[in-house]
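Subject: Handover of a structure, with notes

Dear colleague,

I am passing on to you the structure shown below, together with some notes for when you have it open.

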Amino acid sequence: NSELQMKIDDFTRVNNDMKNLLNSTDIATLFLDKDLNIRRYTDQATKIFKLIKGDIGRPFTDQASDLIYPELAADAREVLRTLVYVKKQIPTRDDRWFSIRIMPYRTFDDRIDGLVITFFNITDLKQLEAELHIKDQMNRLILNTTSDIIIKLSTEWKILEFNPAAEKYFNKKYNNIANQNFIHLFVPETDQKKTENDLNKLMNAGTDSTYKMKLVKSDGNIILVDWIANIQLNNLKKATEMIIMINNNQNHE
C-alpha cells in the first residue's frame with residue numbers, strides 16, 4: 001500500500017507539473033485521441049473554444065469556436081492519416097490571429113495516439129505587419145514620385161533600392177543593378193577606396209550627415225555631388241543600411 005501510494009503521489013506530482021507547465025506557456029493547447037475526442041486542454045484554450053470540464057471525452061468537432069477555420073477538422077484528420085504536421089495562420093471573428101499547429105501525439109514507445117493542436121496568439125504581430133505594410137506603401141509612393149535621387153545601400157554597399165529618379169539620373173534600371181556594389185559601379189576607380197573608407201566612417205558614426213562624393217555619369221563625365229546620408233539603425237543601435245539622397249535641385253552638370 002505504501003509503494004502504491006508513493007506511485008500515486010509521483011503520478012499526481014508529474015501531472016500537476018505538466019499542467020502548470022502547459023498553462024504557464026500562455027499557449028492554448030488541445031490534446032485529442034485518435035477519434036478526435038478531447039483528452040485534455042490548457043486554460044488558454046477556453047479563450048478560443050467554449051470548453052468546460054464536461055467536454056473531456058467528447059468529440060472535438062462538436063465544439064464551437066471563434067476561429068474562421070472551417071477546415072480545422074479536415075486538417076486534423078489529414079494529419080492523423082499522413083502524420084505530417086499542418087501549420088496555418090488563422091483569424092477569429094473578433095479580429096484576433098493565431099498560429100495553429102496540428103501535430104501527431106507520439107507516445108514514449110513512438111506510437112501515434114492522437115493529436116496535439118497548439119494555438120499561439122500572433123495578433124500583435126499581425127497588427128505590426130499591417131502597420132509596416134501601410135508604411136511600406138507610403139514609402140514606395142514617395143520613392144516613385146519624388147524628383148530627388150534616393151538610393152538604399154547595405155553595409156557592404158550593395159544596392160537595395162534605386163528609385164525612378166536615380167534610374168533616370170544614372171541611366172540604369174534597378175533590376176539590372178540590384179545587389180551590385182554601388183561604389184564599384186558609380187565611383188571613379190581612383191576614388192573607390194577613399195569613398196568606401198569615408199562611408200564606413202559615416203556608417204559607424206550612426207548619424208545623418210552630408211557628404212561630397214565623386215560620380216561617373218552614364219556619359220563618362222566625373223562630377224562632384226553633395227549627398228545626404230541617412231543611417232538606418234537596428235534595436236541595438238547598430239547600423240544596418242544607409243540611404244543616400246541627392247536633392248534634384250542641385251546643379252549636377
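Among contacts in the chain between residues at least 6 apart in sequence, what percentage join residues at least 24 apart? The share is 39%, where contact means that heavy atoms lie within 4.5 Å.

Before the rest, a word on how to read the values. This is a predicted model, in which local features need pLDDT of at least 70 and side-chain atom pairs count only at pLDDT 80 or more, while totals for chains, interfaces and linings use all residues. Residues are numbered from 1 along each chain as its sequence is written, and side-chain values use heavy atoms, with hydrogens and water left out.

The chain as a whole

The secondary structure comes to 7 helices and 10 strands, taken as DSSP runs numbered from the N terminus, with helices (H or I) of at least four residues and strands (E) of at least two. The chain is more spread out than a compact globule, because its radius of gyration is 29 Å, well over the 18 Å that the globule rule gives for 253 residues; the radius is taken over C-alpha atoms, and the rule is 2.2 Å times the number of residues to the power 0.38. Along its principal axes, the C-alpha trace spans about 95 × 40 × 30 Å. The C-alpha atoms of G57 and S218, which are 161 residues apart along the chain, are separated by 75 Å.

Of the 253 residues, 38% are buried, a class that means under 20% relative accessible area, whereas exposed means over 50% and partly exposed in between (1.4 Å probe, protein chains only). The accessible surface comes to about 16100 Å², and 51% of this belongs to carbon and sulfur atoms; the areas come from the Shrake-Rupley method with a 1.4 Å probe, and for residues only the protein chains shown count as cover.

Residues in the loops

Most residues other than glycine have a negative phi. L36, however, has a positive phi near 65°, and N179, which is not a glycine either, has a positive phi of about 70°. L36 has its place in the loop between β1 (28-32) and β2 and counts as buried because its relative accessibility is 4%. N179 is found in the loop between α5 and α6, and with a relative accessible area of 52% this residue is exposed.

N181 also belongs to the loop between α5 (174-177) and α6 (182-186). Its side chain reaches the backbone nitrogen of H184 at 3.0 Å and the backbone oxygen of E156 at 3.4 Å. Leaving aside neighbours within four places in sequence, N181 is in contact with E156, W157 and K158.

G57 lies in the loop between β2 (38-41) and α2 (72-82), where a relative accessibility of 47% makes it partly exposed. Not counting residues up to four places away in sequence, G57 touches N37 and I38.

T92, in the loop between β3 (86-91) and β4 (97-106), is buried, with a relative accessible area of 3%. The residues that T92 touches, again not counting those up to four places away in sequence, are D66, L67, I68 and F98.

With kind regards

Conventions. Polar contact = N/O pair within 3.5 Å; in protein donor to acceptor, adjacent residues only side chain to side chain.
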